[in-house]
Amino acid sequence: MKKSLHTLLKLTNFEMERLSKFLFTLMGLTLLFNLVGYIYTPMQHMGKINEYITQNSATTQQALDAFGRFSFYDVTQTLWIAGPIAIGVSGLLLYSIFIWYREWFGKNTFAYRLLMLPVSRMTLYFSKLITVFIGIFTLIATQMLSLFIGHPIVSAIIESAYFNDIGLIASIQMNPLFLYLFPLDFSYFLMVNGVGIVVLLVLFTVILMERSYSFKGIAMGILYGIAALSLVLFPLFLPNLLNNQYILYDSELMIIIILLTIIVGVLSIFTSRHLINKKITV
Amino acid sequence: MIELKNVHKSFGRKKVLDGISFTANKGEITCLVGVNGVGKTTILNAIMNLTPIKKGEITIDGEKMSPAMYNKVAFIPDVAIMLPQMTVHEAMEFMKDYYSSWNCKRAKEIVRFFRLNMPDKISELSKGNQAKVNLLMGLALDVDYVLMDEPFSGIDIFTREQITEVFSSRLVEDRGVLITTHEIYDIEHLLDKVVLLDNGVIYKEFNAEEMRETEGKSVVDVMREVYNQ
């Protein structure tokens, strides 16, 4: 047990080294785009106010009436913040596919070496899963750090008369996108990340099906993905199937969805274990 | 002993192996011979559990393949299998990290024998030197069996000579070697057992020494008889 844990850590560290360049690029892009947003958006706003005041010989109050107060929340609503998040999410999603396929289609066929390591192949599987998750959390942490840096920058650029300092936490709470990235409630945090893990588990299963059965595997994978999604979302469509009869409370519905999500996750792990141990082909 | 019993394997509708049974013993060099696409590589992959078989059984010293067995059997494929960005030294460190059977002393010996440079990146090596790195990764393991897939494919004559030398050296001494090749001239005199494959079945299996003594035929002579028919 101790030895397999040690091997898992070694392999995860190895995978992290391989991810590092891509991850640092994503982190750099996030910080760079965010920083531009923290500087450009408030400067643009102040520019508009100053132009308005100059052209109309307006007072501060008139400018406030025309433009309202600027808050940090306004910056978080821009593409400078949402853009890198979208890039990060899609980048890591693509990496979750790449993390497997590069072993077969790289310059060298590293799949041979990995599959011939004297360790359980599930250790390999979990090291890849953990690596993607570390990548996700690192990007989330980078975004959080960036917001902490951004708040004082924005408040320094916007003149206090035009600044509505609602605080960093309130700005985050108001943004629906951040509710997924930084859930305030622990159970909600578990749910968001649980769903994330299961999505990855299903994706890994689909990839391993393709690696095991080739073209037939693609069809199997697509069907498996659809079946998994349908099973998890089935309770939400229950009222429609029962002529709009709501027989379950929201809390009961949530419990059923969580249970089904766990079932899909466990099923995906067992299917993947069978495929990687018995069916996979170099 | 590596033993294959009634092994069947298909790719789609194409039968590649159709009831293959043979053994490869420790201390002997067994050669799988056949034209391209006859299923030689598939057999090695199947032994190493790198491709599933449809039917049959493969055992190594009576045991089925398991992760622990990768410390007992080494496979040297005909493609580069270490990461291209690794240096020879890093590739050796990687092996040392994961294989309890990795023999550092022997690894250094092989590096000297093949005149490889430890700081060289694998991606920057010639095809011949990449083949040598592959051999290094397999031969430096203290294993009972070594499987080699087409070790002479696409390499220059000097590298070929060096690799041939490996077969008569103590690097493979006492081990069971299972090799696939259709370029048999260089190692013919070193072979103990030959298994001729054709259309997914074993066409002929014989002891090379006995064949030379009893029928006065070399392995190449037998191959000519079989494949020129």
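This report describes chain B of a predicted model and the side of chain A that touches chain B.

Residues are numbered from 1 along each chain as its sequence is written, and chains are lettered from A, with ligands numbered from 1, in the order in which they are written. Because the model is predicted, local features need pLDDT of at least 70 and side-chain atom pairs count only at pLDDT 80 or more, while totals for chains, interfaces and linings use all residues.

**Chain B overall**

Chain B holds seven helices and nine strands; these are DSSP runs, helices being H or I of at least four residues and strands E of at least two, numbered from the N terminus. The C-alpha trace of chain B spans about 50 × 35 × 30 Å along its principal axes. The radius of gyration of chain B is 17 Å, which agrees with the value near 17 Å for a compact globule of 229 residues. That radius is taken over C-alpha atoms, and the globule rule is 2.2 Å times the number of residues to the power 0.38.

Of the 229 residues in chain B, 41% are buried, meaning that 20 or more other C-beta atoms, placed from the backbone, lie within 10 Å of a residue's own. Among contacts in chain B with a separation of 6 or more, 72% are between residues 24 or more positions apart; a contact requires C-beta atoms, placed from the backbone, within 7 Å.

**Strands and a helix of chain B**

Strand β1(B) has two antiparallel partners, listed below. Strands pair if DSSP finds at least two bridges between them.

| Strand paired with β1(B) | Residues | Bridges | Example of bridge partners |
|---|---|---|---|
| β2(B) | 14-24 | eight | B:Glu3 and B:Thr23 |
| β4(B) | 55-60 | five | B:Lys5 and B:Glu57 |

A hairpin is formed by β1(B) and β2(B), with two residues between them, and B:Gly12 in the turn has a positive phi of about 65°.

In helix α2(B), residues 88-98, the buried residues include B:Val88, B:Ala91, B:Met92 and B:Met95. They lie on the same side of α2(B), because they cover an arc of only 100° around the axis, taken from the directions from the helix axis to the C-beta atoms. Among the elements covering the buried residues of α2(B) are α3 (104-114) and α4 (127-139) of chain B.

**The side of chain A that touches chain B**

Contacts link 17 residues of chain A with 21 residues of chain B. On the chain A side, α5 (110-115) and α11 (250-279) are the elements that give two or more residues. The largest share, four residues, comes from α5(A).

Note on methods
Two residues are in contact if their C-beta atoms, placed from the backbone, lie within 7 Å. A residue is buried if 20 or more other C-beta atoms lie within 10 Å of its own, exposed if 12 or fewer, and partly exposed in between; C-beta atoms are placed from the backbone.
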